[in-house]
Amino acid sequence: MLDYLDLAAELTEEERLVRDTAREFVDDRVRPDVGDWYEAGEFPEHLISEMGELDFFAPNLDVGELPGVGERAYGLLMQELEAGDSGIRSMASVQGALVMWPIANYGSEAQRDRWLPDLASGDAVGCFGLTEPEHGSNPSAMETSAEPADDGEGYVLSGTKTWITNAPIADVALVWAKLAEDCDLGDAGTVRGFLVDADRDGLNTSEQEGKLSMRASCTGELSLSDVRVPEDAVLPGVSGMKGPLSCLTQARYGIAWGAVGATRDCFETAREYATDREQFGGPIARFQLQQSKLAEMATQHTTAQQMAFRLAELKERGELRPQHVSMAKRHNVRVARDQARVAREMLGANGITTDYPPMRHAANMETVYTYEGTDDIHTLILGEDLTGIPAYE
């Protein structure tokens with residue numbers, strides 16, 4: 001596998017084990033059928049329990065029986081899963097970084113006891129309800145509301161969340177809502193998180209139809225119509241936009257690593273094809289144009305890989321800032337998006353089929369380029385950090 005600067009030489013035994021376990025899982029359980037899942041627009045739900053058995057959900061959390069692996073090991077896991085398909089990595093990323101992480105860090109002891117074991121094992125699936133139909137890049141303008149129940153016991157949630165990964169198969173939804181007047185959880189307009197059981201009356205889910213990207217991912221909408229939840233559904237440890245934004249930082253960290261895996265998979269496919277495919281009396285890899293493409297692809301992969309490794313170092317030391325993650329997510333996804341197209345080009349007509357991964361990665365990266373902060377938004381986050389001037393206000 002491409003590792004031009006031999007960064008793997010720095011890995012610990014634990015990190016190698018995590019990487020190799022995920023790589024073997026992808027080779028055995030994902031690659032043989034992912035083209036069919038993608039073409040059919042189906043997420044392989046049967047893999048969820050297997051992923052749980054392998055500790056693929058939030059293994060970097062040191063809570064209960066979770067293994068508490070290091071942040072680089074977690075990044076390597078995301079890298080290998082996305083080398084298989086973005087939909088597989090997204091499911092694990094949402095489950096771990098957007099549902100389990102906030103429960104572990106902001107939840108009550110009872111919430112942790114109730115949800116973390118089942119989410120870790122894959123016996124339960126979670127989703128993260130933040131994006132709304134009219135509020136994507138500006139989640140602070142959300143319209144989903146939380147009001148006190150008429151009898152004073154619990155709260156009533158109303159609103160719609162869209163483009164929610166795992167929504168159609170979720171057992172619990174972490175829904176972010178603004179408090180209405182006279183709510184004892186804080187001032188009106190304050191954002192709070194609520195753990196909503198999927199079987200609550202008034203909560204309906206639907207699957208997103210017509211996707212041309214992330215087709216092997218389960219994506220849908222959450223519709224909340226006067227959904228009543230008990231008082232203990234509230235995440236007690238966080239208030240305001242810090243809650244959802246801190247979760248997104250965790251997930252974006254995984255995305256920055258995952259994009260490296262997608263880029264590597266495209267390179268490996270293109271290199272193998274170029275050395276095997278013969279035209280004009282020999283392999284096409286002997287031509288200067290093809291070698292130039294492979295050289296550039298390897299260089300771009302290596303720069304993205306180095307950025308991911310550096311993020312892990314900063315995260316382990318507690319020095320990682322959201323802006324660091326914005327730069328890495330922006331850069332590494334751009335690399336994956338661009339190089340997937342180059343790999344597809346090198347495969348010629350064969351590159352547009354599901355027999356080879358570059359076209360699938362290229363289509364998936366159009367979603368990854370947009371979700372959890374669009375490329376434009378991450379650009380403006382960096383611009384503000386560099387100038388002190390917020391361009392989006």
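Start by selecting valine 342, which sits in helix H9. Helices here are DSSP runs of H or I with at least four residues, strands are E runs of at least two, and both are numbered from the N terminus. This is a predicted model, in which local features need pLDDT of at least 70, side-chain atom pairs count only at pLDDT 80 or more, and totals for chains, interfaces and linings use all residues. Residues are numbered from 1 along each chain as its sequence is written, and side-chain values use heavy atoms, with hydrogens and water left out.

**Valine 342**

Buried means under 20% relative accessible area, exposed means over 50%, and partly exposed lies in between, with a 1.4 Å probe and protein chains only. Now show the surroundings of valine 342. Apart from neighbours within four places in sequence, valine 342 is in contact with Lys293 and Met297; contact means heavy atoms within 4.5 Å.

**The whole chain**

Zoom out to the protein chain, which has 11 helices and nine strands. The chain is as compact as a globular protein of 393 residues, because its radius of gyration is 21 Å, close to the 21 Å from the globule rule. That radius is taken over C-alpha atoms, and the rule is 2.2 Å times the number of residues to the power 0.38. The C-alpha trace spans about 80 × 45 × 40 Å along its principal axes. Of the 393 residues, 55% count as buried. Among contacts with a separation of 6 or more, 73% are between residues 24 or more positions apart.

**Histidine 135**

Select histidine 135, in the loop between strand S1 (126–129) and strand S2 (145–148). Histidine 135 counts as buried because its relative accessible area is 15%. Beyond its neighbours within four places in sequence, histidine 135 is in contact with Ala141, Met142 and Glu143. Which side chain makes a polar contact of 2.7 Å with that of histidine 135? The partner is glutamate 143. A polar contact is a pair of N or O atoms within 3.5 Å; within protein, one must be able to donate a hydrogen and the other to accept it, and residues adjacent in sequence count only if both atoms are side-chain atoms. Show the backbone of alanine 141 as well: its oxygen is 3.3 Å from a polar atom of the histidine 135 side chain.

**The pockets**

To find the largest pocket, select Gly136, Arg252, Tyr371, Glu372 and Gly373, which lie nearest its centre among 42 lining residues. On a 1 Å grid over the protein atoms alone, a pocket is an open set of points with protein on both sides within 12 Å along at least five of seven lines, a cavity is a set where a 1.4 Å probe fits but cannot get out, and lining residues have an atom within 4 Å of a point. The largest pocket holds about 1200 Å³ of space. Helix H5 gives the largest share of its lining, five residues. Other elements that supply at least two residues include strand S3 (155–165) and helix H7 (242–276). The lining has 16 nonpolar, 19 polar and seven charged residues.

Move to the second largest pocket by selecting Arg31, Thr269, Asp355, Tyr356 and Pro357, the nearest to its centre of 18 lining residues. Helix H2 (34–40) and H7 are the elements that give two or more residues to this lining, and H7 has the largest share, with six. The lining divides into six nonpolar, three polar and nine charged residues. The space in this pocket is about 380 Å³.

**The cavities**

For the largest cavity, select lining residues including Ala58, Trp101, Gln250 and Lys315. Its volume is about 60 Å³, and H5 gives the most to its lining, with three residues. For the second largest cavity, the lining residues include Cys127, Val172, Leu203 and Thr205. Strand S4 (172–179) and strand S6 (203–207) each give two or more residues to that lining. How many charged residues are in it? There are no charged residues, with nine nonpolar and one polar.

How values were computed: Grid points are joined across faces, edges and corners, and a volume is the space filled by probe spheres set on the points. Ala, Val, Leu, Ile, Met, Phe, Trp, Tyr, Cys and Pro count as nonpolar, Asp, Glu, Lys and Arg as charged, and the others, Gly among them, as polar.
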